[in-house]
Amino acid sequence: MSLHLQRRTRAVDALAAAGIDILVAGRQDHINYITGAHQLWTAGARPFGPVCTLNVATGEIFLLSTWDEGVPDDIDLDHLHGITWNGAIIYQRLAANPGMANATTVGVDAWSPGMAGLLSAVAPNAEIVPVDDVLLRARRTKLPSEVDAIRAACAVAAEAAEAALAHPGTDAKRLAAAVEAMALAGSSTPAAEPRVHGPVVDFSCIRSHYEGGLGRTAGGAPPEVRPHAALIAACVPGATGQDLRQAAPEGDWLIRGNGMGFEPPVINPHYGKSEVLEEHMVLSVSASTGEEYARDTVLVTESTPEILSSEEP
Amino acid sequence: MSKPPTGTLELDVGRLRRERYAKLQAQMGADGLDALVLLHGPHVAYATDCLPIAADATHVSANRPVAVVLADQSQPCLLGGDPDGLDVDPHPTAWPDIDEGAADLGAQLDAILGRIAHGGRVGIDLMTGAMRRTGVLSAAHITDAANTMGAVKLHKTVDELACIHQAQARTNRAMATVQEALVPGVRRSELAAVFLRRLREEGIDANMIDVIFQPMARRMADGPRTTTGHLAFPAWSGDPVYAEGDLIWVDAGSDYHGYASDFGRTWVAGRPPTSGEQRCFERWLAVMDASYEAIVPGATFAEVCAAATAADAAHQPDGERPWMPHFYLVHGVGIESAEMPFLGTDNGPDFDAAHTLEPGMVLVLEPAIWDDGTGGYRAEEIVAVTEDGWIPLGGGHPYDPFEVPT
């Protein structure tokens with residue numbers, strides 16, 4: 001089964017278990033997870049709108065896309081909705097969505113007063129409930145092909161980091177060289193804001209829907225004694241947020257999920273104390289001590305964590 | 001408000017902030033709002049000048065800055081973000097996408113809003129699932145902030161025009177280098193690499209869309225299938241290698257001080273345009289000339305669309321309009337890459353007849369000419385509506401390799 005269909009199965013199962021009849025998704029990461037479609041990347045979060053609907057019982061999907069380029073074959077042209085600027089057309093489409101009128105629970109991945117009003121009108125019997133947490137829970141552990149995709153994205157980000165570390169000149173010039181190197185290596189879409197600040201560099205990219213990234217300090221310590229080394233070692237199945245706090249160095253640190261972007265769990269000095277790590281999670285682990293900063297993308301395995309971002313640079 | 005100038009556009013950051021904040025508070029008064037709570041990045045930037053980060057949506061939203069505007073306060077509150085150098089009342093960072101963070105955000109909002117949190121009228125643009133689960137602002141009278149933000153964005157101040165002008169001029173300069181790199185055998189990723197480097201060199205940190213260099217099939221039937229039966233653009237095209245004679249539609253948008261540029265051109269790889277391709281360009285120029293002529297304050301959107309349509313009518317036996325049916329003849333640009341005004345959309349003729357151009361509106365004209373079998377021409381130009389007509393923004397950019405007839 002293709003990767004996006006494996007993912008969709010996970011999402012559908014999770015939504016069904018949560019009692020959701022219809023999902024109305026507006027977040028591109030959720031839409032990519034479920035559909036596998038390649039849609040235009042734009043920077044930043046968009047306002048909430050109904051880009052994709054999924055009928056949980058039947059699996060029927062409608063996707064906002066004027067063309068089928070980049071859309072997997074399992075979503076046919078008659079299930080694509082062309083882009084529209086007209087609120088009445090959005091209303092008609094949602095109202096005509098099979099199952100909407102009789103839905104008792106409509107799941108949304110974000111919320112605005114305007115969209116809530118619209119959904120209440122097209123699904124008058126339904127409770128509108130947030131399901132971003134349901135979808136993100138389904139996404140927490142990664143399938144083997146997802147891990148491969150993340151590893152490939154890490155390699156692209158490493159090219160950028162290497163260019164920034166090797167390039168002479170001002171931070172701005174090194175940053176320009178790094179984003180050029182990243183695009184040549186396969187990604188013109190940054191995940192987080194690229195960072196070049198003196199000896200400290202941090203790069204991440206989205207490549208084929210998945211994020212990979214790493215951070216380094218020029219002239220820093222060897223891998224086994226980098227600031228985040230003890231945190232990485234503590235990323236084992238069953239480790240709690242509290243365990244990770246105890247393993248963390250003095251100073252700034254963050255562990256968060258890494259998949260189609262920034263994901264739960266989020267564990268830092270303030271949040272995530274009761275989170276529990278599981279095998280097959282992929283995590284971004286970063287820490288700073290003094291002048292040194294390091295970050296890696298790490299797979300939680302049954303034994304020692306595997307670093308998916310290259311050891312060098 | 002200061003008037004749009006006819007001379008040089010110079011950004012005065014202090015004036016930009018003051019004028020926007022005054023407009024926002026006046027609009028809140030008109031809309032009967034006690035407070036605005038803003039999470040959408042461009043809205044936060046409008047209220048506080050804390051600029052959005054041009055990165056993946058999940059990263060930008062994880063610990064995003066939140067703006068709170070109170071009707072009776074002289075400066076906005078900024079939760080998180082970098083308040084250094086801004087005229088804001090700073091508050092700690094919120095993590096509105098996770099439940100623990102949303103609960104903290106709710107407590108902060110209750111403290112900032114005071115009595116307004118209990119029955120006051122609060123406009124909000126977005127809530128995360130975590131905010132809904134943790135009951136953020138559940139005792140306030142919540143309305144959508146979209147109308148308030150839409151109203152203040154519609155007419156640009158002189159400094160907003162300066163930002164758009166700068167964004168466009170810098171994008172143009174970056175694209176001039178990219179076009180030199182377009183030779184047969186080059187890949188899309190190589191052109192993207194040059195563009196992203198050159199934007200940085202132009203002092204632009206924020207590339208807002210994954211830059212589009214789409215090779216166009218000469219016949220629509222050979223391109224992707226569409227819901228309109230018309231062209232697919234801008235579509236995902238992977239990492240194609242361009243061959244001599246490829247017709248490439250280019251689209252890019254970057255950001256200067258929170259304001260978007262919109263670059264559109266048609267390029268041909270490795271050779272001059274054929275006479276058929278050149279004819280498409282000349283039809284496009286005629287549509288642009290007629291549109292420019294029709295742009296005056298008080299003109300209805302319908303009048304501009306009619307002028308553009310008439311200019312190409314001789315080539316349109318089926319009465320088609322010279323722009324892509326899923327888009328428009330004109331869209332606005334500002335803190336969003338496409339915002340009101342929209343002319344010639346599927347909102348239909350009644351909408352276009354009911355709306356008029358007004359000074360301070362910014363228009364991106366993007367007609368597209370298509371001659372099936374030959375190909376087509378599409379480009380974009382930005383103008384600002386003034387008291388007596390319009391001024392161009394961005395300083396212009398050549399149409400190479402097409403020739404403008406003398």
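Reader: What makes residues of chain A and chain B count as being in contact?

Author: The cut-off is heavy atoms within 4.5 Å. In this predicted model, 62 residues of chain A are in contact with 61 residues of chain B, so they have heavy atoms within that cut-off.

Reader: Why is the pair Asp133(A) and Arg133(B) called a salt bridge?

Author: The rule wants a side-chain nitrogen of Lys or Arg within 4 Å of a carboxyl oxygen of Asp or Glu. Here the closest N and O atoms are 3.1 Å apart, so the pair of Asp133(A) and Arg133(B) passes. Between chain A and chain B the count is five salt bridges.

Reader: Which element of chain A gives the largest share of the side that touches chain B?

Author: That's α7(A), with six residues. By class, this side of chain A has 32 nonpolar, 18 polar and twelve charged residues.

Reader: How do you know how much area is buried between chain A and chain B?

Author: You take the accessible area that the two parts lose on being put together, summed over both. For chain A and chain B that comes to about 5300 Å², with 62% from carbon and sulfur atoms.

Reader: And inside chain A, what do domain 1 and domain 2 bury between them?

Author: About 920 Å², 70% of it on carbon and sulfur atoms. Leu3(A), Trp41(A) and Leu136(A) supply 48% of the area that domain 1 buries against domain 2, more than any other three residues.

Terms used. Residues are numbered from 1 along each chain as its sequence is written. Chains are lettered from A and ligands numbered from 1 in the order in which they are written. This is a predicted model: local features need pLDDT of at least 70, side-chain atom pairs count only at pLDDT 80 or more; totals for chains, interfaces and linings use all residues. Side-chain values use heavy atoms; hydrogens and water are left out. Buried area is the accessible area (1.4 Å probe) that two parts lose on being put together, summed over both. Helices (H or I, at least four residues) and strands (E, at least two) are DSSP runs, numbered from the N terminus. Ala, Val, Leu, Ile, Met, Phe, Trp, Tyr, Cys and Pro count as nonpolar, Asp, Glu, Lys and Arg as charged, and the others, Gly among them, as polar.
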